[in-house]
Amino acid sequence: MGDVVEIRASVAAQVAGFVDAGGGVGERSVLVKTLGHPEFTVGHLSDRVLPAASLAKLILGVALFEAARRGDLDLDARVRVGDLGRTMYPSVLQAMDPETTLNVRELCGFSLVTSDNPAAEYVRALLGQERIDAVIKDLRLDSTSFPAGFSEAELGPLGRANVTTAEDALRLIEHVDRTAHLEPLRHYLVNYLRNDRIPSRLDDDVQVWHKTGSLRGVINDAGVVLHPAVPIAMIFLTDGQADNVRTAQEIGEVSERIVRTVAAGVAH
């Protein structure tokens, strides 16, 4: 195994390159942590409070399964698709007959596998703000706030009220990664369909469970690269980006470089 100081320094250089690629436009916050040996963490502005966007849907998943574990909510309760809210954005629910019913567990799955807004908004309303805030408090997500939902009216400027930091996002990711009864969330997220960021340039046999978040100028991604050498948690939060597509590409490029650096270091 390579020297951990050298591996960490190489990863830090990759992170610095990603930050510099932004050309000083907007903000880029990054946090990388290996979840095994060699153990190290690299961050840049990891305590900066930035819009969470749809990363917040992961908090809904945690809160839902915690409530079900306590017996407060029934994950098998059925919901009629026609009773869910509509959206101008693509939604897999629009392909279903309005009389189709899904259970709450499946709606949570849709909210995480496809980032479906009507499904997420139903789960949010079912939970209520008190349960959501309790999870934020219990996990010590001290810089995270989740007051807005995913209805059409809240997807613009109001959606920026949902904020977090890379440090809080990492704490959330690690909780999901190590908590046995949250395995369904990991299963949903390893099957996430929006893979234009962290996983985009990785080898096909390297699985990633992750969740993105997007608003105008905001390109986020957070999750765990399940590399056989060592799992790597990665958090990317941005704001004020001039080109969302380019920033997403740059996240994919630096993720690939980080994974190759760590894997090569472990091999030697």
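Visitor: Where is Ser115 found?
Guide: Ser115 sits in the loop between α3 and α4 (117-127). Please bear in mind that this is a predicted model.

Visitor: What is the phi of Ser115?
Guide: Its phi is positive, at about 60 degrees, although Ser115 is not a glycine.

Visitor: Buried or exposed, that Ser115?
Guide: Ser115 counts as buried, because its relative accessibility is 5% and the cut-off for buried is under 20%.

Visitor: And what about the phi of Ala53?
Guide: Ala53, a residue other than glycine, has a positive phi near 50 degrees. Ala53 belongs to the loop between β3 (50-51) and α2, and is buried with a relative accessible area of 6%.

Visitor: Which residues does the cis peptide bond join?
Guide: That bond joins His37 and Pro38, with omega about 0 degrees. Pro38 is in the loop between β1 (27-34) and β2 (41-44).

Visitor: Changing topic: how many salt bridges are there in the whole structure?
Guide: A search of the whole structure gives 16 salt bridges. One of them pairs Asp76 with Arg105, whose closest N and O atoms are 2.7 Å apart.

Visitor: Which parts does the pair of Asp76 and Arg105 tie together?
Guide: Asp76 lies in the loop between α2 (57-70) and β4 (78-80), while Arg105 is in helix α3 (residues 104-113), so the pair ties together parts 29 residues apart in sequence. Asp76 is partly exposed at 45% relative accessible area, and Arg105 is partly exposed at 29%.

Visitor: What does Arg80 form a salt bridge with?
Guide: Its partner is Asp83, with the closest N and O atoms 2.9 Å apart. Arg80 is partly exposed, at 26% relative accessible area, whereas Asp83 counts as exposed at 57%.

Visitor: Which residues are linked in a network?
Guide: Salt bridges link Arg28, Arg246, Glu250 and Glu253 in a network. Within the pair of Glu253 and Arg246, the closest N and O atoms are 3.3 Å apart. Arg246 is partly exposed, with a relative accessible area of 34%.

Visitor: Now the helices: at what angle do α2 and α5 pack?
Guide: α2 and helix α5 (residues 129-138) pack at about 100 degrees, and their axes are 9 Å apart. That angle makes α2 roughly perpendicular to α5.

Visitor: Which residues meet there, α2 with α5?
Guide: From α2 come Ile59, Leu60, Val62, Ala63, Ala67 and Arg70, and these meet Arg131, Ile132, Val135 and Ile136 in α5. By class, the contact has eight nonpolar, no polar and two charged residues.

Conventions
Residues are numbered from 1 along each chain as its sequence is written. This is a predicted model: local features need pLDDT of at least 70, side-chain atom pairs count only at pLDDT 80 or more; totals for chains, interfaces and linings use all residues. Side-chain values use heavy atoms; hydrogens and water are left out. A salt bridge is a side-chain nitrogen of Lys or Arg within 4 Å of a carboxyl oxygen of Asp or Glu. Helices (H or I, at least four residues) and strands (E, at least two) are DSSP runs, numbered from the N terminus. Buried means under 20% relative accessible area, exposed over 50%, partly exposed in between (1.4 Å probe, protein chains only). Axes are lines fitted to C-alpha atoms, for helices over the stretch in contact, and angles run from 0 to 180 degrees between N-to-C directions. Angles under 35 degrees count as roughly parallel, over 145 as roughly antiparallel, 65 to 115 as roughly perpendicular and the rest as oblique. Contact means heavy atoms within 4.5 Å. Ala, Val, Leu, Ile, Met, Phe, Trp, Tyr, Cys and Pro count as nonpolar, Asp, Glu, Lys and Arg as charged, and the others, Gly among them, as polar.
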